[in-house]
Amino acid sequence: MSTADFTATITVDATPAQAFAAINDVRGWWSETIVGSTGTVGDSYRFEVPGAHRCTMTTTESVPGRRLVWHVTDSSLSFVADTAEWEDTDVVFDLTERDGRTEIRFTHVGLRPSGECYDICTNAWGAYLTTSLHDLITTGTGDPFRRGTTLETEAAKHGNTELLGLGGGA
């Protein structure tokens with residue numbers, strides 16, 4: 001099985017500075033419930049989907065308009081055997097200007113196909129990146145995890161209902 005880290009790339013009609021600002025607006029594209037701050041080296045925030053997933057992200061590298069790196073600690077995934085699968089991984093955004101557009105290359109270093117979370121986590125990351133972050137950058141409105149949202153509705157939004165064994169579907 002491959003040991004390649006999960007990577008996804010999107011291209012948006014925005015400057016690298018605009019894309020970088022949107023990435024740092026984690027409440028606008030990932031979760032309204034995030035507590036803490038982002039963007040400056042040393043900033044730390046907590047992400048949580050109650051009963052399913054929590055982690056703390058600390059900014060370890062921040063080059064405005066070019067690169068952003070978050071280090072994952074205090075991670076717990078309730079839906080896999082290795083609940084700390086995300087511990088000591090890194091979430092990396094590399095931005096490149098191409099023909100007046102910005103390419104955002106996302107890599108979750110340590111999220112690999114051999115991990116139990118891979119299918120579920122890549123479905124969710126893919127949706128947050130290709131839909132929510134993309135829309136936040138291009139329209140000003142993303143589709144983050146909302147306050148009061150349940151695991152079931154969030155799983156359905158990302159096509160993870162069956163993978164999480166929640167039945168039903170969306």
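**Before you start**

Residue numbers count from 1 along each chain as its sequence is written, and side-chain values use heavy atoms, with hydrogens and water left out. Because the model is predicted, local features need pLDDT of at least 70 and side-chain atom pairs count only at pLDDT 80 or more, while totals for chains, interfaces and linings use all residues.

**Stop 1: the whole chain**

Show the chain as a cartoon. You will find four helices and seven strands; helices (H or I, at least four residues) and strands (E, at least two) are DSSP runs, numbered from the N terminus. Following the sequence, the pattern reads β-α-α-β-β-β-β-β-β-α-α.

Now colour by pLDDT, the predictor's confidence in each residue, from 0 to 100. The chain has a mean of 88, and 86% of its residues reach 70 or more. Select strand S7 (residues 101-109), which has the highest mean pLDDT among the elements, at 98. Then select helix H4 (residues 151-157), where the mean is the lowest, at 65.

How many of the 170 residues count as buried? The share is 44%, where buried means under 20% relative accessible area, exposed means over 50%, and partly exposed lies in between (1.4 Å probe, protein chains only). Contact means heavy atoms within 4.5 Å. Among contacts between residues at least 6 apart in sequence, 52% join residues at least 24 apart.

**Stop 2: two packed helices**

Two packed helices are described by the angle between their axes and the distance between the axes. Select helix H1 (residues 16-24) together with helix H3 (residues 118-139): they pack at an angle of about 130 degrees, with axes 10 Å apart. The axes are lines fitted to C-alpha atoms, for helices over the stretch in contact, and angles run from 0 to 180 degrees between N-to-C directions. H1 and H3 are therefore oblique to each other; under 35 degrees would be roughly parallel, over 145 roughly antiparallel and 65 to 115 roughly perpendicular, with the rest oblique.

Next, show the side chains where the helices meet. Ala19, Ala22 and Ile23 of H1 touch Leu133, Leu136 and Ile137 of H3. By class, this contact has six nonpolar, no polar and no charged residues.

**Stop 3**

Select Thr59 in strand S4 (residues 53-63). Is Thr59 buried or exposed? Its relative accessible area is 2%, so Thr59 is buried. Leaving out residues up to four places away in sequence, Thr59 touches several others, including Thr38, Asp43, Leu68 and Trp70.

Move on to Val91 in strand S6 (residues 90-98). With 0% relative accessibility, Val91 is buried. Draw a distance between the C-alpha atoms of Val91 and Thr59: these residues are 32 apart along the chain, and the atoms are separated by 9.4 Å. Beyond its neighbours within four places in sequence, Val91 is in contact with residues that include Met57, Leu68, Trp70, Phe106 and Trp125.

**Stop 4**

Select Asp74 in strand S5 (residues 67-77). Its phi is near 45 degrees, a positive value in a residue other than glycine. Asp74 counts as partly exposed, at 32% relative accessibility.

Finish at Asp88, in the loop between S5 and S6. Here phi is positive too, at about 60 degrees, although Asp88 is not a glycine. Asp88 counts as exposed, with 56% relative accessibility.

Notes: Nonpolar A, V, L, I, M, F, W, Y, C, P; charged D, E, K, R; others polar.
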